[in-house]
Amino acid sequence: MEQNKALLVVSFGTSHHDTREKTIDQIEAYLGQSFPDRKVYRAWTSGMIIQKLRREGIETDTVPDALERMLRDRITDVLIQPTHLLNGIENDQMLRQAEAYRSRFQNLRIGAPLLTSDRDLQRVAEILTAQFPNLGEEEAVLLMGHGTEHDANAVYAALDYRFKDMGRDRFYMATVEGYPALEQALRQMKANQRLQKVYLVPFMIVAGDHAKHDMAGPKPDSWKRMVADAGYEPCCLLRGLGELPEVRQLLAEHAGQAEARQSAPFRGKLTGVGVGPGDPELLTYKAMKHIQNCDLLVLPDSDRGNCVAYQIVEKAWAGVRNKPVLQVAMPMTHDKARMAESHLAAARAVERHLDQGKQVVFLTLGDPSVYSTYFYLHRQITADGYEAEMVPGVPSFCAAAAQLGRSLGMGTEMVHIIPSWHGVEQGLDLPGVKVLMKAGSQMGRVKQALLDRGMEAAMVENCGMDGQRCFRSTAEIPEDAGYFSLLLVREEGGAR
């Protein structure tokens, strides 16, 4: 049956019409020319910008809006290409929204953001350095990126390193809201005594608010003023990346790679399966069904004998021993560059099996949506255009509350889930019920923080596992508790 084809170009968006015309409009036009058999649709991911334009009488679709519009237009084959720089927060949101519509189209493929692969980094570094072919020895280029709390922020440092590795050591990368920041770039510049002039260039698809105000604005904290205060002559170039033909071409290549997957052999699907907190009887019927029917199990950073999630399944179904296993490295580290590299390598290893049509299951403790290493893999796999889903499991905090015979939340109580390896003190000051996850390695600090505040807590160690122990007061909690220790903290007078 002949299909009605469409191309959805997804951008963060901008309220600055001048830069939109030079960037997003031009990207959409270029992609439309590159895929002439597809009708071009637009969607933006910034709700704030969409609302601002709506007040001006301009309507722009969100991703769900655009996909609904395609359904009304009887589109059956959808190719989505984001103009996002990174596989970050905005792209994750787009992927979640698009995946919800996958079953409603005959084909839905999603291209990768601009900086996804090592080859992308090299290409973009070459594109940017080529814009300054005659850079003098007394001149430097400072690129302003946005920055993000997402682990994709490591791409900025990777690109900065790429410049240096190419011998272009007078190209510097800094971000407004991430690392490296302007202070790091200025410190690096200070080592070059010959520098006199600095070109300030947005490392963003559009040259909007950040470029016009944070970079080139007159305020004392603008990059232009701070670069001048550091003793350099600033020269601001208000040009978004979307103005560069080479960048448009790279985005079109990503879209083409995604479209080409349509003719690939049948692909398998990745499923992240939550096995619950430890008790094999808490394995759901759906989880067991996926495990029994899969072709391959993925275990993070461990073999069968050392993987707790695998051991839980084994107690419920001995047949799991006959399933082939793939071990992938998913290190727990604060080194964002190393983490991003390991996640990409794990995704590539899984994708080789998906390309063979295998049904792959990743086992994870608790629920795959709650502080699970699985979701890093899910995000990369779906960004690469593969199908993935999650099967929820019983979260440890629900199981722990049941063991203690307590409620997690009643009435108007707020419930806060707090990772004990970060932000415990701030978390304890929040109103309502506090759940402290995996507190064992920090138990001394956690217990002292509770005692300092006069707060009572109950704790379950190894919930549902061998050696489970329950403690019903702060004083009882041992400081040498194991890694799988979870605390429930209620305000005085709260429901038990």
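**Rings and their surroundings**

Reply: Let's start with the rings: six aromatic pairs turn up in this structure. Two rings of Phe, Tyr or Trp (its six-membered ring) make a pair if their centres lie within 6.5 Å, and planes under 30 degrees apart are stacked, over 60 edge-to-face, and the rest tilted. Take Phe132 and Tyr199: their ring centres sit 5.5 Å apart and their planes meet at 45 degrees, so this pair is tilted. It joins distant parts of the chain, with Phe132 in the loop between helix 6 and strand 5 (139–145) and Tyr199 in strand 7 (residues 197–202), 67 residues apart. Helices (H or I, at least four residues) and strands (E, at least two) are DSSP runs counted from the N terminus.

Before we go on, keep in mind that you're looking at a predicted model: local features need pLDDT of at least 70 and side-chain atom pairs pLDDT 80 or more, while totals for chains, interfaces and linings use all residues. Residues are numbered from 1 along each chain as its sequence is written, and side-chain values use heavy atoms, without hydrogens or water.

(Buried is under 20% relative accessible area, exposed over 50%, partly exposed in between, with a 1.4 Å probe and protein chains only.) Now look at Tyr156 and Phe203, whose ring centres are 6.2 Å apart with planes at 75 degrees, so they count as edge-to-face. This pair links distant parts of the chain as well: Tyr156 belongs to helix 7 (residues 154–165), Phe203 to the loop between strand 7 and helix 9 (209–215), and 47 residues separate them. Both Tyr156 and Phe203 are buried. Going back to Phe132 and Tyr199, ring pairs tie them into a cluster with Phe163 and Phe171.

Next stop, helix 11. This helix (residues 245–260) has 16 residues and spans 22 Å from its first C-alpha to its last, close to the 22 Å expected at 1.5 Å a residue; that expected span is 1.5 Å times one less than the number of residues. Its buried residues are Val247, Arg248, Leu250, Leu251, Ala252, His254, Ala255 and Ala258. They pack against helix 1 (17–22), helix 2 (24–34), strand 3 (77–82), strand 4 (107–110) and helix 6 (118–130).

Now find helix 18 (residues 443–453), where Met443, Val446, Lys447, Ala449 and Leu450 are buried. Looking down its axis, these buried residues fall within an arc of 160 degrees, so they line one face of the helix. (The arc uses the directions from the helix axis to the C-beta atoms.) They pack against helix 17 (424–428), strand 15 (433–437), strand 16 and strand 18 (485–489). Just after helix 18 comes Gly454, with a positive phi of about 65 degrees.

Strand 16 (457–461) leads us to Asn462, in the loop between that strand and strand 17 (469–471). Asn462 counts as buried, at 18% relative accessibility. Beyond its neighbours within four places in sequence, Asn462 is in contact (heavy atoms within 4.5 Å) with Gly467, Gln468 and Phe484.

Last one: Pro392, found in the loop between strand 13 (387–391) and helix 16 (396–404). Setting aside neighbours within four places in sequence, Pro392 touches Gly274, Thr284, Asp367 and Pro368.
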